[in-house]
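Here's a quick briefing on how two of the chains meet, and on the spaces in and around the protein. Have a look at the model first.

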Amino acid sequence: MVGAMEIYQLTPKINCKKCGLPTCMAFAVALLAKEKNIEDCTPLLEPKYEAKLKKLREVMAPLASASETGLIIHDEKCYGCGNCVVACPVNVANDPRGSAIGLGPKSDKVILMVEDGVVKCLNPKECRRFGPNRIMCNLCTSTCPSKAIEFV
Amino acid sequence: MAVCTGCSLLCDDIEVTLESGRIARTKNLCRKGLGRFRSLYSERASPRADGSEVDVGDAISRAAEILSGAKRPLLFGWSNSTLEAQQAGIALARKLGGVIDDTSSFCQGPLMELVIRGQMPTGTLDDVRNFGDTLIYWGSDPTSSHPRHMSRFSYFPRGEKLQKGFEEDRTAFAVDVRESPTAKIVADGYFQIPPGGDAEFIEAILSVLDGKMPKVQDKKRMISFVTTLKKAKMGFIFPGLGLVYSLKDRLDLFSQLVARLNEGVPFRVIPMVGHYNMRGFNQTLFEQTGGINQVSFADGEARRGQENGIISALDSCDAALVVGSDPVSSLPAAFARKLAKIPVVVMDPHRNLTADLARVVIPTALSGLEAGGAALRMDGVRVELAPVVEGASPSDAEVLARIREVV
Amino acid sequence: MAELSVLVVTFRDIFQSEAQEAGRYGEEYRKASALILLDRGDADRAGIKDGSAVTVASDAGSVVVNAGVDQESHPGVAFMPNSPWSNQLVSGQVGPSKIPEFKRIEARLSSASGPVLKIEELLLGIVQG
């Protein structure tokens, strides 16, 4: 997954402060944290940075699809095996007769379920990585056979 | 709820949404199962005889002609058909005085035979979910071949006696030549062995059980592994083709290991059957003839023997009926060539290599999707299949009954 | 490239199974099947690049497939998805069990002698063989 350093390489690196931050590196960090948008960097919209802007939009595209917990699903890698669906502690707690015992979810309060052969994220706010008391649970990523789920 | 026939787990919690009679969306199907469902709409077979398009009735008549004209017809396939179709196939083989065999012949047959004969302790996948605390995936990679095996039954789900979840309740190991996706999931439980190294690995476990030093692998690690096995409340081994192909004639070594483990704790074996109803065919034929595969009905009597297995029978059979299988793809080229030299009748929902060289092709319904029936899951549990959509082709069972009427 | 001797083991891959369900004749199935996965060290020593075509030959026959380089280490061993391409290499000789050797094939890799064949071309080879 893209890091702040890689994003920084695609900024103008002129520390002009037009985005409201002191350095382009700070802007890169803010961009990754979704606190700033690409368009907040006005120099980047100038024609001379066209190539950088294009590349930056490319590397940032997967992040746009990340849910509020930072969860990204790479559909093309997913086996649809449901390991994450069954291992997710919130799914287990909210869906004792479905995902907790290995079946497809029977509750609409689950976070993860498999649709059309690929895992989907529903109710992201129920995820333990969300909210003020969040914990860095990673059971969905550690049980995945193909790194199809990722947190950013 | 629909049942998926993509593999021998026969997942029965599949939700399907239809739009104008076509499958539009599905829930709970894995990638492989979705492939099976979508195959409704790709590469469907069309009826053919002697190189021309014909109608199904003519294709059936021509098939009957070829089969009844043969001295020793081979009826092969069966693991992608319902129990009803398998019964009809056995009845047809009986009437023709032919040879009947299925894909297990060069697959899980040797191991499945021990299970069906009651010579190998076994259990159901529901037992695994409820009680299986120590698991060995041996020469198998369920993540790739039976994608929901670990999530529905073996590793991840909560069970009756296993309420805390896999991290605390279950210990899983993988023994494999390849660091497969399953091996990666069990992480520290993975033992890499060289190709053909299964016998040595079994001997190493037996050594440790005898209080001796193992000859292969890291000694400390092997001792700790065997200690875990000895502490199992209920252990399960899921052998795949890796183990069966590696041991071949030395399968008794595996039986010996299972027997030794069972002296201390219960250890059960569930072979990782590939096709959705291979177990069903083996069980059905066994009940009727005493053999799980490789049976000849020549002279009106059922005889079991290797000469009736497809590998050997291709040298002696003078026609073949292939049902729901593509041996030209799955056999080594040397054997596929032999099949190409005799008249072949194919019954299949899809076009495949065997159909392409067949003299007669009879398209059939995709079972579980266009036709109902029943099947046996890899653990022998019976699962009922009901059609989900309407199809244009007759079921295997119907076609076989029609052929039997006219031969 | 230098010649490389490996022990070929066939395996199952979910993306190949998915492609097979979509159709044996599709380009996806060919891409997922006509493949040999090599150990990085082996590939480097023989000068085989990821994605390049190679000829794999055994005593039973030979076939051109694309080479892939694995993340995992497995020197001397190569993996091929079980398919009509790998079946070109499996011997017609069987032992007392009558089970062909699908998972332990002694093979040699060399520069590709031609393109990766389409499945129809493999079938033609079988019919004419």
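Let's start with the meeting of chains C and B: 42 residues of chain C are in contact with 47 residues of chain B, contact meaning heavy atoms within 4.5 Å. This is a predicted model, where local features need pLDDT of at least 70, side-chain atom pairs count only at pLDDT 80 or more, and totals for chains, interfaces and linings use all residues. Residues are numbered from 1 along each chain as its sequence is written, chains are lettered from A and ligands numbered from 1 in the order in which they are written, and side-chain values use heavy atoms, with hydrogens and water left out.

**Where C meets B**

- Together the two chains bury about 4000 Å², 63% of it on carbon and sulfur atoms; buried area is the accessible area (1.4 Å probe) that two parts lose on being put together, summed over both.
- Glu21(C), Tyr25(C) and Ile99(C) supply 18% of what chain C buries against chain B, more than any other three residues.
- There are five salt bridges between chain C and chain B (a side-chain nitrogen of Lys or Arg within 4 Å of a carboxyl oxygen of Asp or Glu).
- One of these pairs Glu18(C) with Arg31(B), with the closest N and O atoms 3.0 Å apart.
- On the chain C side, strand S1 (4-11), helix H1 (14-22), strand S5 (77-81) and helix H4 (119-128) each bring at least two residues; helices (H or I, at least four residues) and strands (E, at least two) are DSSP runs, numbered from the N terminus.
- H1(C) gives the most to that side, with six residues.

**The second largest pocket**

- This pocket holds about 1100 Å³ of space; on a 1 Å grid over the protein atoms alone, a pocket is an open set with protein on both sides within 12 Å along at least five of seven lines, and lining residues have an atom within 4 Å of a point.
- A volume here is the space filled by probe spheres set on the grid points, which are joined across faces, edges and corners.
- Of its 38 lining residues, Tyr79(A), Ser146(A), Lys184(B), Gln71(C) and Glu72(C) are the closest to the centre.

**Cavities**

- The count is five cavities of 30 Å³ or more, a cavity being a set of points where a 1.4 Å probe fits but cannot get out.
- The largest cavity has about 120 Å³ of space.
- Its lining has 14 residues, with Cys88(A), Cys127(A), Cys137(A), Cys140(A) and Phe151(A) nearest the centre.
- Helix H5 (89-94) and H6 of chain A each supply at least two residues of that lining.
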